[in-house]
Amino acid sequence: QVQLVESGGGLVQAGGSLKLSCVVNGRTSGPYATGWYRQALGKERELVAAITWNLGATHYLDSVKGRFTISRDFAKNTVFLQMISLKPEDTAIYYCAFPVLMASLERPPDYWGQGTQVTVSS
C-alpha cells in the first residue's frame, strides 16, 4: 500500500552534516506520521524522528534534539531529515517508515524503506 525510498546517506567526519530524503508513494493521509528510524551494529532499532503528514506535528529522540530536524514537502511527496553536528554514535543504517502513531510510539510501522547508511568518523 505504501512504498518508501530513502537516500542521502554517506561518510562524514564528526561535526559534519547530512540531509536524508524519503520519497513516499501511496496513501499517507490522516493524523499518522512518517518516521525515521536507525539501527546501529549491536543495538536495537530506535525511532529518531517523526512528522505527521497533515499538520506537521513532530517527535524527536532525546539524543538528537537540537541537532536533527524533520520536515516534509507535499509537492514532492518527500520527508527530509536534516542532521548537523553529527557524532560517531549517530553511525547506523537509517530507515524511513510508515505509519508512526504519535500516541503509541512503541508500535512498529507496517512499511519500511530499504535503508541508507550513515557513517560518522572520529
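Four strands make up an open sheet in this predicted model, in the order S1-S3-S8-S7 and with antiparallel pairing (strands are DSSP runs of E, at least two residues, numbered from the N terminus; two of them pair if DSSP finds at least two bridges between them). Strand S1 (2-7) and strand S7 (68-73) sit at the edges, each pairing on one side only.

Residues are numbered from 1 along each chain as its sequence is written. As the model is predicted, local features need pLDDT of at least 70 and side-chain atom pairs count only at pLDDT 80 or more, while totals for chains, interfaces and linings use all residues; side-chain values use heavy atoms, with hydrogens and water left out.

Strand S4 (residues 33-39) is mostly covered, with six of its seven residues buried (under 20% relative accessible area, 1.4 Å probe, protein chains only). S4 pairs antiparallel with S5 (residues 46-52) over six bridges, and also with S9 (residues 92-100) over six bridges, again antiparallel. Tyr37 stands opposite Leu47 in S5 and opposite Tyr95 in S9. Six residues separate the strands in the S4 and S5 hairpin, where Gly42 takes a positive phi near 80°.

Tyr37 and Leu47 turn up again in the lining of the largest pocket, which also includes Arg45, His59 and Trp112. A pocket here is an open set of points on a 1 Å grid over the protein atoms alone, where a 1.4 Å probe fits, with protein on both sides within 12 Å along at least five of seven lines; lining residues have an atom within 4 Å of a point.

Methods. Buried < 20%, exposed > 50% of the residue type's maximum accessible area, 1.4 Å probe, protein only.
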